[in-house]
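Here is a short report on one protein model.

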Amino acid sequence: MSQSSLQLLLHAGELEYIVKTIRASLNKNDRFVGGCLFGLWRNSLKQPVIQFVTGPGENFDDSRGIKNMFSSKHVESCATIMMEKHCLLHLGFWFYGREEEDQKKAESMVFTSGPKYNVLLFINYEEARGESLGGEYLLRKGRMEESSPLFREDVLPDHSSFRKFKALTTEINSKGDKVSPVHDGRPVRQNAANLIENLPSRVQVEEAVTSDKQWYATGEGMEFLQLLFQYFQGADITPDMSRDTVTQDMQFGLSGGYCLDFPANFPKKMPTLRAADGSRHEFKRRSNSDEDVCKTVVQAVVDFLRNPPQSSRYGGRHTSGGRGGNNY
C-alpha cells in the first residue's frame, strides 16, 4: 500500500469530540462506543473529507451489540438531516473498542453491508499512564479495503464550518446526541491539540519507507510502527524518528542521549538501545510467540531509562545475566 495514495482528512474539532465521547464511555465502563462520520468524497483522489462526527446517541447501550449502534434510529435520523439539509454524505463510522473481537465485528458490519459505507476509523485512546491517541482508518477501494495509520497531517486545523453552524448542532442535539457547538468561536482545547500533535508524522514515515527489505515498508510493519508510537506516548515519551542514511535502518531518538536502533528484520530480531558513548544495551524477545512485541519493546526501554546501569569504564555493550542480555 502506498501511504501517499491513501488519506482521510478530518478537522481537529471532530477528533476532540470523539475523544470527549470516548472519555464519557469509559466513565460508564462501556465495552465499546462509536458514531457516524459525515463529509464529502473527493472522487478524483478517492479521498474522504470528514466534516462532522456524531456519537452513539443518548439511548446507547453497549449490551445491545455493535450492530444496534450502527443501525439505530439515531443513525438514520442524523443521516437524513445531514444529507437533506447540508448535502453531507454518511461516509461511515468511527469506533473505539477494547476487544479485538469487537473491532472485527465493526469492520465486518461496515464493509459487508453493501456499498453504502466507505470509511471505518478505529480510534486508540489510553488514559492509564497519561493520555495518548492513535488511530487507523480503513477505506473501501472497489471490492478491496485499504488501511493507513492516522497521521498528524491527516488532521485539519480548528473546527469545520459545519461544527460552527449553530442551527446544525442544535438540531443534532435535539435528536439525542450531545454534540458540542462551537459557534462561540472557541478554539480546539489544548489537551486535544496536544494529543493530535503527538500523532506520528506522515512525512517522517514516507521518507523512511524506501526499501522493501525494511520491516517498516510492509503493511504489518506500518501497524508495528503505529503501535510503538502509541505505547511510547502512553509512557509520556515522544520518540524522534529518523533513519540511518546508509542502511535505512529505523532509529528512535530518546531523552538522555539514547537512541533505539531497529534492525531491518524487526520484530524477528529485537532493537538495541545505544547510549551517547556508543555502548549498547540488548533486548531479547520472550519465548511466547503471542506476545505484543511492540509493548514489550517499549516497556523494556521505559524500565531501562528509569534504572539505567552504571557506565562501565571499558565501554562496549551493556549486558546482564550473560551474553544474551536482559530477557524482557
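## Helix H9

The buried residues of H9 are Val-293, Cys-294, Thr-296, Val-297, Val-298, Ala-300, Val-301, Val-302 and Phe-304. Buried means under 20% relative accessible area, exposed over 50%, and partly exposed in between (1.4 Å probe, protein chains only). Helices (H or I, at least four residues) and strands (E, at least two) are DSSP runs, numbered from the N terminus. The buried residues of H9 pack against helix H8 (219-234) and strands E11 (259-261), E12 (272-274) and E13 (280-284).

H9 has 14 residues, which should span 20 Å at 1.5 Å a residue; its end C-alpha atoms are 20 Å apart, so the two agree. The expected span is 1.5 Å times one less than the number of residues.

## Basis of the model

This is a predicted model: local features need pLDDT of at least 70, side-chain atom pairs count only at pLDDT 80 or more, and totals for chains, interfaces and linings use all residues. Residues are numbered from 1 along each chain as its sequence is written, and side-chain values use heavy atoms, with hydrogens and water left out.

## Val-297

Val-297 lies in helix H9 (residues 293-306). Its relative accessible area is 1%, so Val-297 is buried. Leaving aside neighbours within four places in sequence, Val-297 is in contact with Leu-228, Leu-260, Phe-266, Met-270 and Pro-271. Contact means heavy atoms within 4.5 Å. Pro-271 is 26 residues from Val-297 in sequence, and their C-alpha atoms are 7.9 Å apart.

## Two cores

The largest nonpolar core has 57 residues. Leu-15, Ile-22, Trp-94 and Phe-95 have the most contacts inside it. Helix H1 (residues 12-27) gives the most to this core, with seven residues. A second, separate core has 30 residues, including Phe-224, Ile-237, Met-270 and Ala-300. A nonpolar core is a set of buried Ala, Val, Leu, Ile, Met, Phe, Trp, Tyr and Cys residues joined through side-chain atoms within 4.5 Å.

## Strand E4

Eight of the nine residues of strand E4 (residues 89-97) are buried, so E4 is largely enclosed by the rest of the structure. E4 runs parallel to strand E5 (residues 119-126), and four bridges join them. Two strands pair if DSSP finds at least two bridges between them. Gly-92 stands opposite Val-119 in E5.

Helix H3 (residues 73-86) has 14 residues and reaches 19 Å from its first C-alpha to its last, close to the expected 20 Å. His-74, Val-75, Cys-78, Ala-79, Ile-81, Met-82 and His-86 are buried in H3. Down the axis, the buried residues of H3 fall within an arc of 160°, so they line one face. The arc is that of the directions from the helix axis to the C-beta atoms. Lys-73 and Glu-84, on the other side of H3, are exposed. Just after H3, Cys-87 takes a positive phi of about 55°.

In helix H4 (residues 100-111), Asp-102, Ala-106, Val-110 and Phe-111 are buried. They fall within an arc of 150° down the axis of H4, so they too line one face of the helix. The face of H4 turned away from its buried side carries exposed Glu-100, Glu-101 and Lys-104.

## Whole protein

The protein has nine helices and 15 strands. Of its 328 residues, 51% are buried. Among contacts between residues at least 6 apart in sequence, 65% join residues at least 24 apart.
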